[in-house]
Amino acid sequence: MSDSEAVRGVLAGNLDLFAVLYERYKDMVMACLCRILRNWTEAEELAEQTWICAYEKLSQYDQRRNFGFWVRGVARKLGYAALRYRKRQCRPIALEVLPKGAEPSCPGPEEAHERAQDEQVVLNMVAPLPKVQRVVMLFRGCEDMPFKELAELLGRDITTLKSDYQRGLRELRRRMEGPDS
Amino acid sequence: MAVECCADYTPGDAELEVMDEYVTLLCRGSEPEVEVFLQGHPEHAESLRPVLEAAVALNHAWRRLKAKYPDVTVRKLLKL
């Protein structure tokens, strides 16, 4: 079920479908708030508020847009508002209350470098391809975004995108074989 | 196995549907063996084999990345 279908279902009264959206994007919302607030406990509280706010404002969500992007926008808005409030209160960041092993994702330079290298492994696989093929390869082949949604996102015909995807995979396979193949 | 470059290759709709069926399974974690899956589509087996193998390779690389960094998304990766 696509995000748009789930949203339409919720707006039509099937509240259980909101759990589908929550399960899909809860980690993304939490990661976003951790990055902003750098405090796990506060991020958890604000994540809850984010989902309440998202539910209340769901009718305002433009279904042509990506739901994950929208709900992350809600989280960012609340996160930065909390950050401004915290600064006004001159409250220290309560890092000591972090549960052990549950640090927020605020990596230092070494971790950031390692992550960039790890991400590059995936990016290198699609790097030689034209931009549209790269986007299709990653969204369809990694995140299971339906071609219909991709077609809306990129403003292209579904059949063309499927062909792009297959061409991208053929090129990737050719490169896996080595430069002389 | 040598695979020719795809520059002039134009797949038919049926072949694209079969490819998409496999990719959907792959993305949802069921990951059927390529050869087993192609036994159900012998008319497209030769053409689709390299494509599906590449889809598996890309998906595996993504899963490794996702396992290490659960917050990673394609949008972030592409800086969209």
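A residue is called buried if 20 or more other C-beta atoms lie within 10 Å of its own, exposed if 12 or fewer do, and partly exposed in between, with C-beta atoms placed from the backbone. The views below show a predicted model, in which local features need pLDDT of at least 70 and side-chain atom pairs count only at pLDDT 80 or more, whereas totals for chains, interfaces and linings use all residues. Residues are numbered from 1 along each chain as its sequence is written, and chains are lettered from A and ligands numbered from 1 in the order in which they are written.

Figure 1. Of the 181 residues of chain A, 34% count as buried; for the 80 residues of chain B the share is 24%. Chain A holds eight helices and zero strands, and chain B has four helices and zero strands. Helices (H or I, at least four residues) and strands (E, at least two) are DSSP runs, numbered from the N terminus. Two residues are in contact if their C-beta atoms, placed from the backbone, lie within 7 Å. Among contacts in chain A between residues at least 6 apart in sequence, those joining residues at least 24 apart make up 62%.

Figure 2. Met1(A) is located in the segment before helix 1 (3-11) of chain A. Met1(A) counts as exposed because it has 11 C-beta neighbours inside 10 Å. Neighbours within four places in sequence aside, Met1(A) is in contact with Ala6(A) and Val20(A). Met1(A) and Pro146(A) are separated by 145 residues in sequence, yet their C-alpha atoms are 9.6 Å apart in space.

Figure 3. The 22 residues of helix 2 (residues 16-37) should span 32 Å at 1.5 Å a residue, and the end C-alpha atoms are 30 Å apart, which agrees. The expected span is 1.5 Å times one less than the number of residues in the helix. At Tyr25(A), helix 2 of chain A bends by about 50°; the bend at a residue is the angle between axes fitted to the seven residues ending there and the seven starting there. The buried residues of this helix include Leu21(A), Tyr25(A), Met28(A) and Leu37(A). Arg38(A) lies in the loop between helix 2 and helix 3 of chain A. Although Arg38(A) is not a glycine, it has a positive phi of about 55°. Arg38(A) is partly exposed, with 18 other C-beta atoms within 10 Å.

Figure 4. Helix 3 (residues 40-56) of chain A has 17 residues and reaches 24 Å from its first C-alpha to its last, close to the 24 Å expected at 1.5 Å a residue. Its buried residues are Trp40(A), Glu42(A), Ala43(A), Leu46(A), Ala47(A), Thr50(A) and Ala54(A). They cover an arc of only 135° around the axis, which puts them on the same side of helix 3 of chain A. The arc is that of the directions from the helix axis to the C-beta atoms. Exposed on the other side of this helix are Glu48(A), Ile52(A) and Glu56(A).

**Figure 5. The loop between helix 6 and helix 7 of chain A.** Asp144(A) is found in this loop. Asp144(A) is not a glycine, but its phi is positive, about 60°. With 15 other C-beta atoms within 10 Å, Asp144(A) is partly exposed.

**Figure 6. The interface of chains A and B.** In this interface, 35 residues of chain A are in contact with 33 residues of chain B. Helix 2, helix 5 (109-126), helix 6 (131-141) and helix 8 (158-177) of chain A each supply at least two residues of the side of chain A that touches chain B. Helix 8 of chain A gives the most to that side, with 13 residues. The residues of this side of chain A comprise 15 nonpolar, six polar and 14 charged. Ala, Val, Leu, Ile, Met, Phe, Trp, Tyr, Cys and Pro count as nonpolar, Asp, Glu, Lys and Arg as charged, and the others, Gly among them, as polar.

**Figure 7. Helix 3 of chain B.** At 1.5 Å a residue, the 24 residues of helix 3 of chain B should span 34 Å, and its end C-alpha atoms are 34 Å apart, which agrees. Among the buried residues of this helix are Leu48(B), Pro50(B) and Trp62(B). The buried residues of helix 3 of chain B pack against helix 5, helix 6 and helix 8 of chain A together with helix 1 and helix 2 (34-39) of chain B.
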